[in-house]
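Have the structure open and follow along.

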Amino acid sequence: MRPITVNTLARRKEAGEPITCLTAYDAAFAGLLDRCGVDVILVGDSLGMVVQGHATTLPVTLEDMVYHVAGVARGSTQALIMADIPFLGDVDPATALAQAGALLRAGAHMVKIECGAIEVPVVERLVAAGIPVCAHLGLTPQAVHRFGGHRVQGRDPRAAAEMESLAARLEDVGAQALLLEGIPESLADAIVRSAGVPVIGIGASPRCDGQVLVLSDVLGLTPEPPRFARDFLADGGSLEGAVKAYCEAVRTRAFPQSGVHTFR
Ligand code: KIV
């Protein structure tokens, strides 16, 4: 098997073959995901909550991210490794460039940035430097305090229109993937329809070009999992069975289910 690249993801979108993505933070779980054929391993700053036990992702530092990306890179050979730029790591293009450089040197193949309008020039600068970027829109957890909690975004028509136009601008400046989190299904569908790059969803729409979940939610380890997650360990019976069941459900579009794992 050849390693997954940004070109593979683009081809998957073109062919209508859903992309599978899960988080991992160490070599052991990265190896498991790789063996099960997961396309993209996200070293998310959710590690602040899952691994470090914080209430939010905000305490995660670049050093933390580099440490976990390096472990994941040592454990996997096929998957594309996507890594989060941590909180305040994208305040300006120069800072973001230094952070993205450190993540790619540690073994990431793509960085993910939680985006508002201010991040458009940041994405443009990174792309100009040859760094693939996934732009994360919607319920961006680094803005949890501005949102007053982990709340669905883009429900009012003005916010929805702004998000659609932001997605288009980010694609125009070179983002090679979009990630939509916690937005109404109809808004996610509109963005997927107009996007020329792969759109990965979480709490978004079954019609996204791919799906992502946090691994601890998939393995039933989260005491109060978000509504958009599903415990696949119950179906799969083992770690490997759970990851394979997740991949199968994403590839056949059995997961997520409209109205069950999505929002109005
Ligand atoms: O940090 C993370 O794991 C994420 C996913 C929830 C998409 O950003």
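The buried residues of helix H12 are covered by several elements, including strand E1 (19-23), helix H2 (27-35), strand E8 (210-213), helix H10 (215-218) and helix H11 (233-236). Contact here means heavy atoms within 4.5 Å. Keep in mind that this is a predicted model, where local features need pLDDT of at least 70, side-chain atom pairs count only at pLDDT 80 or more, and totals for chains, interfaces and linings use all residues. Residues are numbered from 1 along each chain as its sequence is written, and side-chain values use heavy atoms, leaving out hydrogens and water.

**Helix H12**
- Gly 241, Ala 242, Val 243, Ala 245, Tyr 246, Cys 247, Ala 249 and Val 250 are buried (under 20% relative accessible area, with exposed over 50% and partly exposed in between, using a 1.4 Å probe and protein chains only).
- After H12 comes Arg 253, with a positive phi near 60 degrees.

**Strand E5 and its partners**
- E5 (residues 133-138) is mostly covered, with six of its six residues buried.
- Four bridges join E5 to strand E4 (residues 110-114), and the two run parallel; strands pair if DSSP finds at least two bridges between them.
- Val 111 sits opposite Val 133 in E5.
- On the other pairing, E5 and strand E6 (residues 177-181) are parallel over five bridges, and Ala 135 has Leu 178 in E6 as its bridge partner.
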